[in-house]
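Hi,

Here is the structure I said I would pass on. Have a look through it, and then read my notes below.

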Amino acid sequence: MSVGLLVTCMNDALYPDTGRAVVRLLDRLGVDVEFPAAQTCCGQPMVNTGYLDEAVPLLRNHVEAFGGCEAVVVPSGSCAGSVRHQHRLVAERSGDPGLVRAVQSGPPVYELTEYLIDVLGVEDVGAYFPHRVTYHPTCHSLRMLGVGDRPTRLLRAVRGLTLCELPAAEECCGFGGTFAVKNADVSVAMGADKARHVLVSQAEVLVAGDNSCLTHIGGLLSRQRAGVRVMHLAEILASTESSAEERTASSGARTVACSQRATPPCAVTETVSTEEVR
């Protein structure tokens with residue numbers, strides 16, 4: 001079984017560890033992962049702001065890049081939703097019957113948790129993550145794709161993980177792509193509410209399936225010096241006992257280095273070690 005990985009612009013530019021985590025996870029589950037080097041943006045920013053014609057070249061590129069794949073896996077509910085739903089609208093508007101047929105006959109596109117549960121049929125992926133975690137269901141995964149409880153089913157099967165309830169979990173975090181730019185004050189207010197709910201959960205780590213939303217919430221948490229870090233769901237599911245030990249050792253080394261400086265120690269911003277959690 002093989003899949004094409006649509007890594008997304010956000011992950012490619014800012015969060016490459018998420019793409020690596022998807023590859024490690026699927027490889028562990030016996031899936032061959034291909035990375036079409038020709039892939040670019042899926043076109044969602046253009047479509048969401050009303051520039052459907054400008055999205056056509058990106059759509060053509062996507063069809064060509066992923067046309068030979070058995071399936072496409074996306075570590076983003078936002079981009080998976082764009083390909084599954086918006087590409088059809090863009091193709092039909094283009095007036096090109098060939099592009100419409102290519103979109104209709106293209107490989108199935110799955111958000112990561114959909115692929116794990118619906119296609120591979122697994123909930124326990126062999127992950128280990130001994131921390132208190134809360135999960136934020138992003139808007140597109142929740143409302144456009146309907147992933148439901150798939151992410152939390154996967155998290156509950158992770159050894160050592162304590163899943164904390166997030167109050168008002170289904171409320172939007174306020175990011176919304178260009179919404180955060182056009183309506184900054186409203187976006188920040190919504191994000192502040194979400195950050196407050198994260199703190200109420202008493203979790204150490206906020207998890208979501210979209211790094212765009214985590215960037216927004218994580219920025220607010222960081223400014224509050226909340227001591228809560230954010231991680232993409234793929235990184236949790238790819239984590240194993242051996243990788244957790246490596247993170248603990250690395251965190252300890254960074255803490256020692258910080259404590260030797262004249263400036264205040266920066267350990268609070270580092271990864272919480274296993275020993276600190278116990």
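A quick definition to begin: buried means under 20% relative accessible area, exposed means over 50%, and partly exposed is in between (1.4 Å probe, protein chains only). The model is predicted, so local features need pLDDT of at least 70 and side-chain atom pairs count only at pLDDT 80 or more, while totals for chains, interfaces and linings use all residues. Residues are numbered from 1 along each chain as its sequence is written, and side-chain values use heavy atoms, with hydrogens and water left out.

Now the salt bridges (a side-chain nitrogen of Lys or Arg within 4 Å of a carboxyl oxygen of Asp or Glu). The whole structure has 11 of them. Arg20 pairs with Asp17, with 2.7 Å between the closest N and O atoms. Arg20 is partly exposed at 48%, and Asp17 is partly exposed at 43%.

Another one links Arg132 and Glu204, at 3.8 Å between the closest N and O atoms. Arg132 sits in strand E5 and Glu204 in the loop between helix H11 and strand E7, so this pair ties together parts 72 residues apart in sequence. (Helices, H or I with at least four residues, and strands, E with at least two, are DSSP runs numbered from the N terminus.) Glu204 is buried at 7%, whereas Arg132 is partly exposed at 35%.

Then there's Glu111, in strand E4. Glu111 is buried but has no salt bridge, and the nearest side chain of opposite charge, Arg150, is 6.7 Å away. (Lys and Arg count as positive, Asp and Glu as negative; His and the chain ends are not counted.)

Cheers
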